[in-house]
Amino acid sequence: MTETAGRYTGTSVPRKEDPDLITGRGNFTDDIKLPGMLHMAVLRSPFAHAKITNIDVSGALEQPGVVAAFTGDDLAGEWVVGIPCGWPVTEDIKMPDHYPLARGEVNHMGEAVAVVLADGRYTAQDALEHIEVDYEPLEAVVDVEAALEDGSPLVHEEFGTNECYVWPLEVGDVDGAFEQADVVVSERYIQQRLIPSAIEPRATVVTREPGQGGSFTVYTSTQVPHFTREILSAVCGVPQHKLRVVAPDVGGGFGSKLNVYAEEALALALCRRLGSPVKWVEDRSENHLATIHGRGQVQYIELAATSEGEILGMKVKLLADMGAYLQLLTPGIAIFGSFTYPGLYAFDAYSFECTGVFTNLTPTDAYRGAGRSEAAYAHERIMDALARELDMDPAELRLKNLMPPFDEPTTNPAGVQYDSGDYETCMRKALDLVDYAGVRDEQRRRREAGDVKQLGVGIGNFTESGGLSPSKVAAAVRLQSGGWEAANVRFTSAGTVEVVTGTSPHGQGHVTSWSQITADALGVSPDDVEVLHGDTAVAPMGRDTYGSRSLAVGGVAVHLACDKVIEKGKKIAAHLLEASEDDLEFEAGKFSVAGSPDQSLTIQEVAGKALLADDLPEGMEPGLNENSVFDPPNFTWPFGTHICVVEVDTETGKTEIVNYVAVDDCGPVVNPQILNGQLHGGIAQGIAQALYEEAVYDEDGTLITGSMVDYMIPGAPEIPAMTLDQTVTLSPTNPLGVKGIGESGAIGSSPAVVNAVIDALESLGVKHIDMPASPMRVWRAIQDAREAPV
């Protein structure tokens with residue numbers, strides 16, 4: 001399959017995770033039932049902004065089955081600190097207090113104001129109706145542009161402004177590039193808010209462990225059990241060594257579970273207070289209100305170029321919607337994309353400025369492709385805008401400006417180093433697969449015939465910073481966490497292998513992929529490898545799963561731990577075979593003396609002797625059990641070209657995707673089936689943003705799309721068949737050469753789809769449509785173009 005394919009890596013080994021999941025033997029948080037468990041329900045504000053003048057929970061306490069009810073004032077003593085933000089992007093950033101229950105004021109619809117605990121989930125939920133809350137409504141801030149205007153109401157009065165931070169970056173002579181340009185194009189794009197909508201909403205169960213002096217186990221549907229332990233320890237004052245966090249089977253996350261939420265802290269505090277296990281399960285309407293939203297930006301972008309289409313410089317200004325509070329990574333999401341706005345293109349001058357803005361809306365945070373998806377959308381939309389201005393073919397313009405091939409770190413226009421890339425080969429492969437010339441011919445035919453259904457083709461070139469993240473780089477941008485990952489590999493007395501990983505999968509197939517890596521390295525079968533994860537008692541060190549990091553950091557840590565096992569095994573084998581270590585070879589799970597293959601030991605035999613420990617080299621510890629902690633020297637930079645072909649019905653505005661091609665380069669592929677699954681899901685989410693999904697609020701900050709009746713998520717009939725292919729460029733940042741794939745589909749797809757829709761309507765005078773390009777929005781754009789003066 002690839003240059004580094006082994007016996008198992010590079011092949012579609014069936015997913016080891018699936019038999020339990022598809023036969024109902026999974027163990028999700030809501031499946032956990034403990035004796036004496038109480039169910040928690042949360043009362044949420046119906047207002048986006050209001051003073052709380054009184055709360056009376058006595059009515060709830062009178063209901064049968066209700067055990068307790070609390071307000072923010074009741075629980076104020078449970079918190080050491082509020083829920084922290086882990087990415088304060090500037091020294092002067094404004095960071096509001098954010099406690100698990102509101103006290104005195106609510107700042108977004110859905111903010112928690114009281115909790116009820118009862119002997120049943122629905123008993124607790126019904127009791128919420130008997131809590132009386134007196135609110136004094138305040139004017140809400142719902143628009144990021146209006147929020148910065150003089151006289152705007154304030155989300156947090158104590159700051160005197162709705163500005164959270166300003167983060168600038170400039171590389172090269174930007175003013176000079178724009179002064180000498182023949183052409184400057186300027187665009188404004190909207191990144192609408194998205195609701196992540198994991199198939200499993202959030203859930204948590206907390207129990208006190210008997211006889212352990214105030215120790216607790218937290219079961220929670222999370223991407224980040226290690227972060228959860230650290231943050232709950234800080235918020236609730238429980239020492240980390242007395243907190244065990246377990247992520248059981250987790251039904252998706254897409255970044256929304258890359259957070260520690262109020263409900264997890266509430267469940268822990270109430271378990272401590274009442275002495276009973278506490279369970280909370282989010283319903284879908286709560287999920288729309290209280291789980292983070294993704295995106296939420298206004299993008300202003302300018303491109304300077306010569307009349308021949310050579311790009312000279314780029315300017316980007318963002319207004320990023322923080323929502324009412326700063327969740328774990330809220331401020332950093334927008335600036336994370338700052339380094340990828342130049343895309344795959346070569347030019348010398350670039351400036352970026354992001355202003356974070358508070359609004360009275362649900363907080364935003366990471367959503368699949370976080371920051372990089374927004375960047376790719378902007379740079380690919382404006383590339384098409386420049387092509388229209390110059391009357392050039394969009395593919396020709398892109399090919400003209402691509403960075404030339406490189407296999408060592410190379411600085412991009414934003415001043416960061418891409419690891420490796422061959423962008424033209426990738427793009428030309430995609431153009432060939434979609435039959436780009438043939439599509440253009442058919443488009444001309446339909447335009448000349450005045451066909452009702454017009455054809456459009458859109459390109460989405462992209463790269464992304466995967467492999468989060470080099471710890472020194474993380475510190476430089478004020479991210480409050482290292483980016484390393486840990487692994488332990490050990491042989492058991494049965495000759496099987498246990499792999500402990502600090503990554504925490506929730507659908508990505510780590511158990512299978514890590515088994516493949518281990519099997520090839522040690523010469524065993526994947527069936528003889530058990531991968532342990534998602535439990536801080538089993539895997540005490542880890543930085544978890546997000547940001548296309550798991551394979552390029554966590555998988556590499558597993559590979560390096562395997563190398564250490566082999567290195568130790570070679571010393572033991574040399575001792576047992578009475579041979580020089582330098583004369584030993586290791587291949588296919590066997591140590592043998594070079595030139596004398598009969599003098600050999602399997603790695604299982606060596607592991608057995610290592611555990612028996614009766615004949616080891618002097619001073620060697622028993623066992624084959626090795627740890628590795630890998631801190632990457634650079635991000636990895638997967639890239640690709642996605643091309644979408646659409647038909648747009650000019651009478652109804654309906655868009656149908658008739659062809660979709662994606663050529664991705666993520667380095668060597670461990671499991672092609674898993675790779676394709678990751679791409680299918682990511683592309684579906686990008687299509688969803690392009691055509692369907694949008695979280696809509698009214699002027700008072702009320703969420704209009706509060707359920708799936710109103711929030712449009714595409715189903716299987718709306719997602720097209722896809723042609724997927726790869727090029728392979730090895731990353732020099734790690735010994736496997738891998739780059740990552742988890743977010744690529746969500747990054748390249750939305751610009752490809754929207755560019756295709758606009759391309760279909762260009763002959764009618766349509767030059768811009770905001771996402772989602774719904775039938776009504778497309779039809780309106782057609783009417784506006786027809787009515788516009790010539």
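**Pocket, cavities and the core beside them**

Author: Strand β8 gives the most to the lining of the second largest pocket: five residues. This is a predicted model, where local features need pLDDT of at least 70, side-chain atom pairs count only at pLDDT 80 or more, and totals for chains, interfaces and linings use all residues. Residues are numbered from 1 along each chain as its sequence is written, and side-chain values use heavy atoms, with hydrogens and water left out.

Some terms come next. On a 1 Å grid over the protein atoms alone, a pocket is an open set of points with protein on both sides within 12 Å along at least five of seven lines. A cavity is a set where a 1.4 Å probe fits but cannot get out. Lining residues have an atom within 4 Å of a point. Grid points are joined across faces, edges and corners, and a volume is the space filled by probe spheres set on them. Helices (H or I, at least four residues) and strands (E, at least two) are DSSP runs, numbered from the N terminus.

Back to the pocket. Its volume is about 430 Å³. It is lined by 19 residues, and V142, D143, I190, R193 and D321 lie nearest its centre. Two or more lining residues come from each of α4 (144-147), β8 (183-194) and β13. By class, the lining has eight nonpolar, four polar and seven charged residues. Ala, Val, Leu, Ile, Met, Phe, Trp, Tyr, Cys and Pro count as nonpolar, Asp, Glu, Lys and Arg as charged, and the others, Gly among them, as polar.

Now the largest cavity. It holds about 170 Å³ of space. Of its 17 lining residues, H98, H108, A262, A290 and Q327 are the closest to its centre. α7 (262-274) and α8 (284-290) each supply at least two. The lining divides into eight nonpolar, five polar and four charged residues.

H98 sits in the loop between β3 (66-71) and β4. H98 counts as buried because its relative accessible area is 9%; buried means under 20%, exposed over 50% and partly exposed in between (1.4 Å probe, protein chains only). H98 touches G82, I83, Y325 and Q327, leaving out residues up to four places away in sequence. Contact here means heavy atoms within 4.5 Å.

Y341, Y165 and F352 have the most contacts inside the largest nonpolar core, which has 153 residues. Helix α10 (residues 372-390) gives this core its largest share, nine residues. Such a core is a set of buried Ala, Val, Leu, Ile, Met, Phe, Trp, Tyr and Cys residues joined through side-chain atoms within 4.5 Å.
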